Amino acid sequence: MDVKAAPNGVATIEDRILRITGYYGYYPGYSSQKSTSRASVTRCKPGANCPSSHSGVSRQLSPLSITEDSSAPILELQSRGSSGVCGHRVERQNRSGDDGTQTHPENSSQENRIKARCLSCTSVVLKAVWGLLIILSVSSSWVGTTQIVKITYKNFYCPFFMTWFSTNWNIMFFPVYYSGHLATAQEKQSPMKKFRECSRIFGEDGLTLKLFLKRTAPFSILWTLTNYLYLLALKKLTATDVSALFCCNKAFVFLLSWIVLKDRFMGVRIVAAIMAITGIVMMAYADNFHADSIIGVAFAVGSASTSALYKVLFKMFLGSANFGEAAHFVSTLGFFNLIFISFTPVILYFTKVEQWSSFAALPWGCLCGMAGLWLVFNILVNVGVVLTYPILISIGTVLSVPGNAAVDLLKQEVIFNVVRLAATIIICIGFLLMLLPEEWDEITLRFINSLKEKKSEEHMDDITDSSVHLRSRSRANGTVSIPLA
């Protein structure tokens, strides 16, 4: 095929420009052939047959084969791209299927975690509900015991006989526990089998006569002294003052545990002990150091001291005990009191230290009410450790102070001056400080750090939310803003 040239033998201007610029797919004479092809193409009317024209077009467009070959890789890439997209879709579908099979056990594990959390939450709620009920029951029983003693003293003043009579009721502790065992346990045990199982608190051999005398005697004496001194203090002081002073036993337990058991030293508990001692001095000062007031404070502090010694020795020799073992031990104390301490009220009666006219003249209603509430208090203290948190039992004990104060105000038996009120508040604050756990400082630091982390996470979430909002607004306005943060 000859290329048309200009009259001077030079190719057309268009060919020269294409040659100089290096146009891809250039073919000499392309522009001339293009012009001839355009000239040779005839337009056909719709519906007319133009075979010659189609053949001419096909023949004259043959020089474009190079450009068609150059565009072939593009088509190949497009076809590969489409097949690649299809392949990616298939792979994604396969992956989604695999992820479905993998996420199924993950979903089940998440459901198990949710169920476990729900169970833990329900257990915590149940413990809190039981704790609230036990707090009210413990404080009410202790307030009732104290107030009944005050009522009994109006007609009958025999504190040791009252102590001995109420301690004998401890024998019923284990039968009450066994009745609860029969009502709640799935596998019932015979009374003797349960008794032998719970007697392991005394050792592997169970309860023997030697252990009965060796382990029970000191604790029975301390139990009797605690209650007897408490009743003596109620004769000299009001129920509010005695219950507040008795709360100092927590401070004495810490001091004895630190000295005897070598427990961990805690500064906050030393502060609580100092506050308890300060409250004791202020309570004695409230009545201008009157003789009866000082004696009453001494009795109350002595009762708190013997109670603390009882708890420390119990922890030293017997360790920790479950509910059944505690019921067995308290019932054993009742038996020891009935067998070996019954001679003491008889001696006091014949020596006319504690004397009454006849047994029919005794206020049996008040005596049985006092002994019954005392037994309920001891049972609730031991049951509460099983059903709820032990700290709630102590809170129930300290709530007996405002309970007795309310009753004393209603009976108009006490006049609260500034010193007595301040002493009561200081002792109660010291008691509450004693309830702090040993790792309270670490727990407080962890709680503060968790609060800081939550605040930082919330701040970061706010920043991301604001950046997303800015991006959405900028896209709506047609611009894109990139946040610096």
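This briefing goes through selected side-chain contacts, surface features and helices of the structure above.

The model is predicted, so local features need pLDDT of at least 70 and side-chain atom pairs count only at pLDDT 80 or more, while totals for chains, interfaces and linings use all residues. Residues are numbered from 1 along each chain as its sequence is written, and side-chain values use heavy atoms, with hydrogens and water left out. A search of the whole structure finds two salt bridges, and the structure holds 32 aromatic pairs and zero disulfides.

**Terms used throughout**

- A residue is called buried under 20% relative accessible area, exposed over 50%, and partly exposed in between, with a 1.4 Å probe and protein chains only.
- Helices (H or I, at least four residues) and strands (E, at least two) are DSSP runs, numbered from the N terminus.

**Aromatic rings**

- Rings of Phe, Tyr and Trp (its six-membered ring) pair if their centres lie within 6.5 Å; planes under 30 degrees apart count as stacked, over 60 as edge-to-face and the rest as tilted.
- The structure holds 32 aromatic pairs. One of them joins Y349 and F350, with 5.4 Å from centre to centre and 80° between the planes, and is edge-to-face.
- Y349 is partly exposed, at 25% relative accessible area, and F350 is exposed, at 64%.
- Y349 and F350 also belong to one aromatic cluster, together with F156, F161, W164, F165, W169, W356, F359 and W364.
- The charged end of K235 sits over the ring of Y157, 4.8 Å from the ring centre. For this term, NZ of Lys or CZ of Arg must be within 6 Å of the ring centre and within 35 degrees of the ring normal.

**Salt bridges**

- A salt bridge is a side-chain nitrogen of Lys or Arg within 4 Å of a carboxyl oxygen of Asp or Glu.
- K194 is buried, at 8% relative accessibility, whereas E197 is partly exposed, at 32%.
- Another salt bridge joins the side chains of D241 and R420, at 3.0 Å from N to O. This pair links distant parts of the chain, as D241 is in helix α9 and R420 is in helix α18 (residues 418-434), 179 residues apart.
- D241 and R420 are both buried.

**An enclosed helix**

- Why is helix α9 (residues 239-246) described as largely enclosed by the rest of the structure? Eight of its eight residues are buried, so the description follows from that count.
- The buried residues of α9 are A239, T240, D241, V242, S243, A244, L245 and F246.

**A nonpolar surface patch**

- V125, L126, V129, W130, L133, V385, V386 and L387 form a nonpolar patch on the surface, with about 710 Å² of accessible area together. Accessible areas come from the Shrake-Rupley method with a 1.4 Å probe, and for residues only the protein chains shown count as cover.
- Patches are made of residues with over 30% relative accessible area and no salt bridge; like charges are joined within 9 Å, and nonpolar side chains (Val, Leu, Ile, Met, Phe, Trp, Tyr) within 5 Å.
- Helices α4 (65-152) and α15 (364-387) each supply at least two residues of the patch, and α4 gives the most, with five.
- L126 lies in α4 and is exposed, at 52% relative accessibility.

**Residues far apart in sequence**

- Y389 lies in the loop between α15 and α16 (390-398) and is partly exposed, at 32% relative accessible area.
- Between Y389 and W130 there are 9.2 Å in space, C-alpha to C-alpha, though they are 259 residues apart in sequence.
- V330 is in helix α13 (residues 323-340) and is buried, at 7% relative accessible area.
- V330 and W223 are 107 residues apart in sequence and 10.0 Å apart in space, C-alpha to C-alpha.

**Cysteines**

- A disulfide is counted when two cysteine sulfur atoms lie within 2.5 Å, and the structure holds zero of them.
- The sulfur of C368 is too far for a bond, because the closest cysteine sulfur, in C366, is 9.6 Å away.
- C368 is partly exposed, at 32% relative accessible area, and C158 is buried, at 2%.

**A backbone angle**

- K352 lies in the loop between α14 (343-350) and α15 and is exposed, at 61% relative accessibility.
- Phi of K352 is near 60°, a positive value in a residue other than glycine. Most residues other than glycine have a negative phi.
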